[in-house]
Amino acid sequence: VLLLLLALLFWPLFPQLLCRVMVNCPHKTLRERSMKMLLDFINLFDAPGRYKLYRSLCHSVKHSGLLGLLIFHIKNEVDVALRCGGMDSPFLGHSLVPLLDTTFIVRDDEDLLTDSDRIMGALNFLRFLLIRDKPGSNHTTVWTQASSLVRRFTDPLRRALYTIKMHAREEIAKSEQGLMMEPAAAAPVLTVEVSGEVLPEVSPKDELQALHSALQRLDMIECVLVRVEELLETAK
């Protein structure tokens, strides 16, 4: 009842307000409640209504983690539509194309580490579509768009991964060499300032660990990308 009242009072700002809380609120409990309220709110609508909400949110939301969550639930909507077998669902056929166009894209200024949640969500969604929707069926039009997906998503992602992984390995090599040359006690620390606030100091060891973690994250992205590329090869 409370959810309905809030939705009526603040519609159409209600989903955006919940997204802001999920992204900006410092309290974990409130972020989790906002996430649940958003999903409950979306589920108040029928399939066409949910489709419109997902399209709107995917255009307006910029936070990688939240986009990854939205992509996960869009994947679930497609899965349900495929199981039901009704081609009148907006999550199948040509009506799905705008959502796919929004999801499967790599921008020129893409930061793969900052946007890794969105990228992983998109890759997992694409892998699901290629496995679940057979070429002979093509209920989601994913196979019709195979060449376009390679051109605007998997190929640019492959090039971006190569560049950033090469840079990460170079930074790791420099950090490891610096650690070997300087005693631990004399090792300098890195000071970072954000919006006038000095963040906790980062030691060379911590910086090296962060670089290794980043490289592992990139390796995970590449593993899923390799599988997606293999599946797309069957369309040729």
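**Close-up views of a predicted model**

View 1. Take Cys58 as an example: the nearest cysteine sulfur belongs to Cys19 and lies 9.9 Å away, so Cys58 is in no disulfide under the 2.5 Å cut-off. As a reminder, a disulfide is a covalent bond between the sulfur atoms of two cysteines.

View 2. Cys223, with a relative accessible area of 56%, is exposed.

**View 3. Helix H2 and its two sides.** Helix H2 spans residues 14-24, and its buried residues are Phe14, Pro15, Leu18, Cys19 and Met22. Looking down the axis of H2, you will find these buried residues within an arc of 135°, so they line one face of the helix. Which exposed residues sit on the face of H2 turned away from its buried side? They are Arg20 and Asn24. Cys19, listed among the buried residues of H2, is also the residue whose sulfur is the nearest cysteine sulfur to Cys58.

**View 4. Ser175 in helix H8.** Ser175 is found in helix H8, which covers residues 146-181. Is Ser175 buried or exposed? Its relative accessibility is 15%, so Ser175 counts as buried. Leaving aside residues up to four places away in sequence, Ser175 touches Leu208 and Leu211.

Note on methods. Residues are numbered from 1 along each chain as its sequence is written. This is a predicted model: local features need pLDDT of at least 70, side-chain atom pairs count only at pLDDT 80 or more; totals for chains, interfaces and linings use all residues. Side-chain values use heavy atoms; hydrogens and water are left out. Buried means under 20% relative accessible area, exposed over 50%, partly exposed in between (1.4 Å probe, protein chains only). Helices (H or I, at least four residues) and strands (E, at least two) are DSSP runs, numbered from the N terminus. Contact means heavy atoms within 4.5 Å. The arc is that of the directions from the helix axis to the C-beta atoms.
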